[in-house]
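I wished to learn where each one sits and what surrounds it.

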Amino acid sequence: MEVTLAARRRRSSVRWFAPSLDVVSFVTLSNKMAPAKKKWSKGKVKDKANNAVVFDKATYDKLFKEVPTYRLITPSVLVDRLRINGSLARLALKELEKQGEIKLVSAHNSQLIYTRATIGAEATAAA
């Protein structure tokens with residue numbers, strides 16, 4: 001039995017399609033087997049800092065009583081511990097330095113680093 005070229009083409013084209021699976025059912029089947037799409041979160045939501053913009057009496061007293069005893073004093077430290085605004089912290093540090101309660105260690109651009117003013121250090125600096 002001799003198979004012609006046309007018959008071979010017909011046979012190969014018949015084998016190309018799956019016999020019992022049409023295109024629509026194949027697509028729905030592949031969608032069911034696919035893993036679920038990843039849902040992206042909107043990231044971590046940071047809580048709003050409710051820092052004071054002006055000093056109240058309690059914070060003002062705490063500033064002059066406790067802050068000169070800190071070993072490291074920066075505007076960031078005051079913002080964290082006293083819950084005040086950054087600009088208010090910078091002004092408070094300038095006021096404490098003017099009164100001699102703290103002394104400036106380093107001022108690099110906008111990062112100011114202060115420390116407590118000790119009595120022994122002033123005596124040795126004057127000598």
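Entry 1. I note at the outset that the model is a predicted one.

Entry 2. I began with T59 and located it in helix α3, which covers residues 57-66. Is T59 buried or exposed? I find a relative accessible area of 15% for T59, and because buried means under 20%, T59 is buried. I then looked up its contacts, setting aside residues up to four places away in sequence, and found that T59 touches L82 and I84.

Entry 3. The relative accessible area of T69 is 49%, so I recorded T69 as partly exposed; the exposed class requires over 50%.

Entry 4. How far apart are T69 and T115 in space? I read a C-alpha to C-alpha distance of 8.6 Å, while 46 residues separate T69 and T115 in sequence.

Entry 5. I then examined T115 itself, which belongs to strand β2, residues 111-116. T115 has a relative accessibility of 16% and therefore counts as buried.

Entry 6. Which residues is T115 in contact with, leaving aside neighbours within four places in sequence? I listed R71, I73, I102, K103 and V105. For R71 I also looked up a polar pair: a polar atom of the T115 side chain lies 2.8 Å from the backbone oxygen of R71.

Methods:
Residues numbered from 1 in each chain as written. Predicted model: local features only at pLDDT ≥ 70, side-chain atom pairs only at ≥ 80, totals over all residues. Heavy atoms only, no water. Helix = DSSP H or I, 4+ residues; strand = E, 2+ residues; numbered from the N terminus. Buried < 20%, exposed > 50% of the residue type's maximum accessible area, 1.4 Å probe, protein only. Contact = heavy atoms within 4.5 Å. Polar contact = N/O pair within 3.5 Å; in protein donor to acceptor, adjacent residues only side chain to side chain.
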